[in-house]
Amino acid sequence: MITVVGTGTGAPVAADVLAGAALVVGGRRHLDAVRLPDGAEQVVLGPLAPALDVIERYLEKRSRVVVLASGDPGFFGIVRVLAERFGSRRLEVRPGVSSVAAAFARVGLTWDDAVVVSAHGRELRTAVNVCRARPKVAVLTGPGAGPAELGAALLHRSRVPRDAPAGPVAAPAAGSPGQEAASAHAPRGRVLVVASALGSAEERVERVTPAEAAARNWGPDVSVVLCLDETRALGGVRTVAGAPAGPARWALDEGGFAHRDSMITKFEVRALALARLGPRLGDLVWDVGAGSGSVAVECARLGAAVVAVEKAADGVARIHANAHAHGVDVDVVHGPAPEALDTLDDPDAVFVGGGGRELPAVVGACARRARRTVVVAMAALDRVPAAREALTAAGFTCDGVLLQSSRLAPLPGDVTRLAATNPVFLLWGDRTPVSSEGVAQ
């Protein structure tokens with residue numbers, strides 16, 4: 001058997017756990033904090049493969065092995081690797097308090113309604129998108145994905161680098177052209193709680209803004225960062241709105257959105273567009289030519305981080321109003337496409353609405369940036385060939401459909417007729433799917 005013990009967040013390792021162990025494996029600080037049995041070999045965890053090979057040799061000799069791990073080793077921890085290599089039946093797991101539970105406890109918050117995402121050894125963009133979309137998030141950190149990188153990514157709308165550098169990231173100086181943009185683009189009300197060296201004498205729990213986090217060098221001891229939306233709190237940060245599993249309904253009626261002269265993506269079209277976009281937690285979705293923002297709002301309700309791009313000032317106001325009415329965050333960019341897209345993070349999926357002369361250029365710009373899917377809605381038949389060519393030229397497979405529906409409508413005399421809606425062409429292009437990893441809720 002391998003006994004896996006969670007430690008490092010304040011709870012000591014019981015003496016009987018180590019008794020009779022022939023091999024003890026753990027991080028340097030974990031091994032230094034315990035008294036090893038006489039004659040026991042120790043392996044300091046670094047690269048996992050050599051340590052697993054040593055464990056296997058001891059198991060072949062039917063010797064007792066103890067692995068010391070941080071917090072709850074079954075929560076984004078070493079239990080997964082051990083179970084894959086040796087089988088779960090050979091593991092005896094004694095969990096400690098996870099760093100996430102400890103961090104929320106330090107600030108007096110429940111965390112049954114939080115979303116947890118790991119940025120350790122994974123792309124930072126997934127964690128950033130979850131923090132943009134949800135009001136209560138815990139991010140497990142890693143090299144190049146610590147408080148500085150997370151704060152900088154939340155502060156700016158510009159692209160998140162695929163290989164984020166370690167260390168502080170400079171924020172624009174006050175009064176510089178970038179300062180106004182950074183302030184406008186930070187998610188509303190976000191505060192970061194940075195938990196370092198939990199359970200040790202050097203423990204620090206600090207509450208900072210994204211800008212303050214981006215400007216500091218935090219060192220290697222940070223294990224978890226909480227990202228909280230205080231604007232949804234009752235009585236300060238003591239109560240934060242929960243992260244729902246998902247909406248009970250989608251493709252909402254047009255009456256659920258403020259719009260101008262019925263200029264809104266109809267719910268039949270929206271239903272198929274959402275099915276093709278596949279918005280999910282950890283994704284970033286663009287709604288380009290957003291109009292009322294109905295698609296943007298629905299994608300946000302389904303868990304994605306969303307940027308809505310709209311050139312009309314009254315449209316921008318409507319998008320803000322609709323997002324507020326549905327209790328979601330939508331980052332609204334006021335400007336024409338494709339020019340307004342240049343500084344945005346690369347999206348997972350894009351919805352393009354409208355059908356002006358610039359449509360092929362907009363679709364092409366979106367297709368060159370999208371990681372997974374582009375969906376285009378248009379009423380004009382003349383625009384379909386150019387939009388399709390823009391998708392295929394960017395390496396997408398392309399398919400589409402003409403949606404033509406008739407709704408039940410009342411007539412005098414308590415009878416019903418069919419009222420036809422305007423036909424709409426919906427095209428979609430797909431790349432090889434890209435999965436979001438390291439998210440728990």
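This tour visits a set of charged residues, one selection at a time.

The model is predicted: local features require pLDDT of at least 70 and side-chain atom pairs count only at pLDDT 80 or more, whereas totals for chains, interfaces and linings use all residues. Residues are numbered from 1 along each chain as its sequence is written, and side-chain values use heavy atoms, with hydrogens and water left out.

**Stop 1: Arg-369**

Select Arg-369, which belongs to helix H13, residues 359-369. Helices (H or I, at least four residues) and strands (E, at least two) are DSSP runs, numbered from the N terminus. Arg-369 has a relative accessibility of 13% and therefore counts as buried. Buried denotes under 20% relative accessible area, exposed over 50%, and partly exposed in between, with a 1.4 Å probe and protein chains only.

Then display the backbone oxygen of Leu-344, which lies 2.3 Å from a polar atom of the Arg-369 side chain.

**Stop 2: Arg-270 and Glu-254**

The structure holds 25 salt bridges. The term denotes a side-chain nitrogen of Lys or Arg within 4 Å of a carboxyl oxygen of Asp or Glu. Select Arg-270 and Glu-254, whose side chains form a salt bridge with an N to O distance of 4.0 Å. Arg-270 is in helix H10 (residues 267-277) and Glu-254 is in the loop between strand S10 (222-229) and H10, so this pair ties together parts that are 16 residues apart in sequence. Arg-270 is buried, at 0% relative accessible area; Glu-254 is buried as well, at 12%.

Now extend the selection to Glu-268, Glu-298, Arg-301 and Arg-407: together with Glu-254 and Arg-270, these residues are linked in a network of salt bridges.

**Stop 3: Two further pairs**

Select Asp-283 and Arg-280, whose side chains meet in a salt bridge of 3.3 Å, N to O. Asp-283 counts as buried, at 0% relative accessibility, whereas Arg-280 counts as partly exposed, at 31%.

Finally, select Arg-260 and Asp-261, where the side chains form a salt bridge of 4.0 Å, N to O. Here Arg-260 is partly exposed, with a relative accessible area of 42%, and Asp-261 is exposed, at 64% relative accessibility.

Technical notes. A polar contact is a pair of N or O atoms within 3.5 Å; within protein, one must be able to donate a hydrogen and the other to accept it, and residues adjacent in sequence count only if both atoms are side-chain atoms.
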